[in-house]
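Morning, everyone. I have one structure to show, and I will keep it short. Please look at the screen.

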Amino acid sequence: MKVVFEQRDFRETPAEMMVVPCFKKEVPKWAQEALSKYGVGGDFTGEKGKTYLLPTPEMKSRRVLFIGFGREKTVELEDFRLAGAKMVRAAKALKLDGFSVWVDFNGARRHSEKDVARAVVEGAVLANLKLAPYKKKKRGEKELGKMVVFSRMDLEKEVAEAAALARAQNYARIVGVEPANFMTPKKLAETAGRLAKECGLGFRVMGKKELEKMGMHGILGVSYGSAQEPVLVELKYNAGVKGLPHIILVGKGITFDSGGISIKPSKGMDLMKYDKSGAVVMLGVMRAAAELKIPIKLTALLPATENMPGGSATKPGDILKMYNGKSVEVINTDAEGRLILADALAYGDEMGPDLMIDAATLTGAVSIVLGRHGIGMLGTDKASAHLMYDCGLECGERVWELPLWKEYSEMMKGDYADLKNIGSESGEAGTITAAAFLKEFVGKTPWVHLDIASVEWSDGSQGYFCKGPTGKGVRLITTFLKRWVLNRKRK
Ligand code: BES
Ligand code: ZN
Ligand code: ZN
């Protein structure tokens, strides 16, 4: 969908459908008049969730869609994202090719026009995506071609940025929905290679042989039960530019998680194709960072493999010697994400970056803590965690921090090796002990860990996401990078 901005009064402008947001008891005069003309004057006062569609022969646009937001003081930015989705659905239902929206509230408000325009565009672009790559196209299910934002203020930059961000997230969703038989580790590497070409990123893939040479037995150990060879993908943005701060992004790329020998129950196992989401989200972040030209140096490290129970699979009790020299007793082969992340984090730490951020669908336990409404966050850098929290509120991909007290690290100590890969058979503090394990591999590098297992799959009932991967984390981490750079400049 093309998203464009025009700085002018929408009443002078022809459109297929013009959307006009209204707050409760603040329906503009001209709108009230138009509404009473059609006999619905009193009915629409801008209550939350109410919409009215009117033909408007007296205006240049063919129809107006009024959307109620409730009282202005209680409206959240997320409501504007949801409204963006509503507009898309309304336009699709009318079989239009696109729609226009008026963002202009006259004066000081709880949210600025800039933020509102951003939110509406994000919600619309995210809601416009259809995910059914292998289905014969049904008629009438087309995506919209165009969205125009109108305002008397200049919102050009905000509209373009929001569209770029949401598109990067959609890109992650499109890659994420690919099933494991197509999106093998090798294909994921090829996908990253294509992205690198498009966005001018540095690109390197380490295959099985190189991983063996380097001693990455975490990644290798997880891969042994699979017919597919593992990879470690490395992408670089602004690699050659001197004087920029450097952040490393690490993403879990398990293209399918059967659990391995500690095999998962079959119910719902099909969803484990989304166990690559961490890696896929980082691809989206790299795309967004390059498009927005964020002044920072980025390295993305994406370890990718299947976790399968083949004849050569790692067995419970096996001991792996990790990239940083620590030994790990594999008690449960289903706790595989931490094994591949550990090697990547240790490798990243060697580069001496200013910060490492990892994203992973790491534990089922995070959904027990936060349900579907938040990302679990842990780490060693208070300032970055704070900033991440703020960015979560801003972009609607909220995070909540859990503690990493030393007692949790105690739980990860092994009997026959330095570490074991699960904290307890009962699974207590599962999200935290997983992070405590990762902490053993980040060295002194400040680090933020995002457990995204709770938010990465949508059943289609929530807001602007259709059924499938949400790509959550793309807008969060990109927003974080932007603000992190700004904060650093200020210091
Ligand atoms: N990929 C799973 C975590 C997961 C669960 C992601 C549900 C998305 C939805 C991970 O590899 C896993 O299996 N974790 C285990 C760890 C346990 C064995 C300590 C879990 O959470 O049950
Ligand atoms: Zn697992
Ligand atoms: Zn997993």
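Ground rules come first. This is a predicted model, where local features need pLDDT of at least 70, side-chain atom pairs count only at pLDDT 80 or more, and totals for chains, interfaces and linings use all residues. Residues are numbered from 1 along each chain as its sequence is written, chains are lettered from A and ligands numbered from 1 in the order in which they are written, and side-chain values use heavy atoms, with hydrogens and water left out.

Now the metals. Donors here are N, O and S atoms within 2.8 Å of the metal (3.2 Å for Na, K and Ca); water is not among the atoms, so sites may look incomplete.

Start with the zinc ion (ligand 3). Its protein donors are Lys252 (NZ), Asp257 (OD), Asp275 (OD) and Glu336 (OE), at 2.0 to 2.4 Å. What is the arrangement of the 6 donor atoms around the zinc ion (ligand 3)? It is octahedral, because the angles run from 78 to 173°.

The donor residues of the zinc ion (ligand 3) follow the spacing K-x4-D-x17-D-x60-E. Asp257 sits in strand β10 (residues 253-257), and Asp275 in the loop between β10 and α8 (277-292), so the pair, 18 residues apart, links distant parts of the chain. Helices (H or I, at least four residues) and strands (E, at least two) are DSSP runs, numbered from the N terminus. Asp257 and Asp275 are both buried. Buried means under 20% relative accessible area, exposed over 50%, partly exposed in between (1.4 Å probe, protein chains only).

Next, the zinc ion (ligand 2). Asp257 (OD), Asp334 (O), Asp334 (OD) and Glu336 (OE) are its protein donors, at 2.0 to 2.2 Å. Its 6 donor atoms subtend angles of 69 to 167°, so this arrangement is irregular. The sequence spacing is D-x76-D-x1-E. The two zinc ions, ligand 2 and ligand 3, lie 3.2 Å apart, and Asp257 coordinates both. Asp334 is partly exposed at 23% relative accessibility. Glu336 is buried at 0%.

Glu336 also turns up in the lining of the largest cavity, along with residues including Gly221, Met308 and Leu339. A cavity is a set of points on a 1 Å grid over the protein atoms alone where a 1.4 Å probe fits but cannot get out; lining residues have an atom within 4 Å of a point. The largest cavity has a volume of about 70 Å³.

On to cysteines. How many disulfides does a search of the whole structure find? It finds 0, with a disulfide taken as a pair of cysteine sulfur atoms within 2.5 Å. For Cys391, the nearest cysteine sulfur is that of Cys395, 7.0 Å away. Cys391 is buried at 0% relative accessible area, and Cys22 is buried at 1%.

Last, the backbone. Most residues other than glycine have a negative phi. Lys95 has a positive phi, near 60°. Lys95 lies in the loop between α2 (77-93) and β5 (98-102) and is exposed at 63%. Asn238 also has a positive phi, about 60°. Asn238 is in the loop between β8 (231-237) and β9 (246-251), partly exposed at 23%.

How values were computed: Four donors count as tetrahedral if all angles lie between 85 and 135 degrees; four count as square planar and six as octahedral if opposite donors are over 155 degrees apart and all others between 65 and 115; anything else is irregular. On a 1 Å grid over the protein atoms alone, a cavity is a set of points where a 1.4 Å probe fits but cannot get out, and a pocket is an open set with protein on both sides within 12 Å along at least five of seven lines; lining residues have an atom within 4 Å of a point. Grid points are joined across faces, edges and corners, and a volume is the space filled by probe spheres set on the points.
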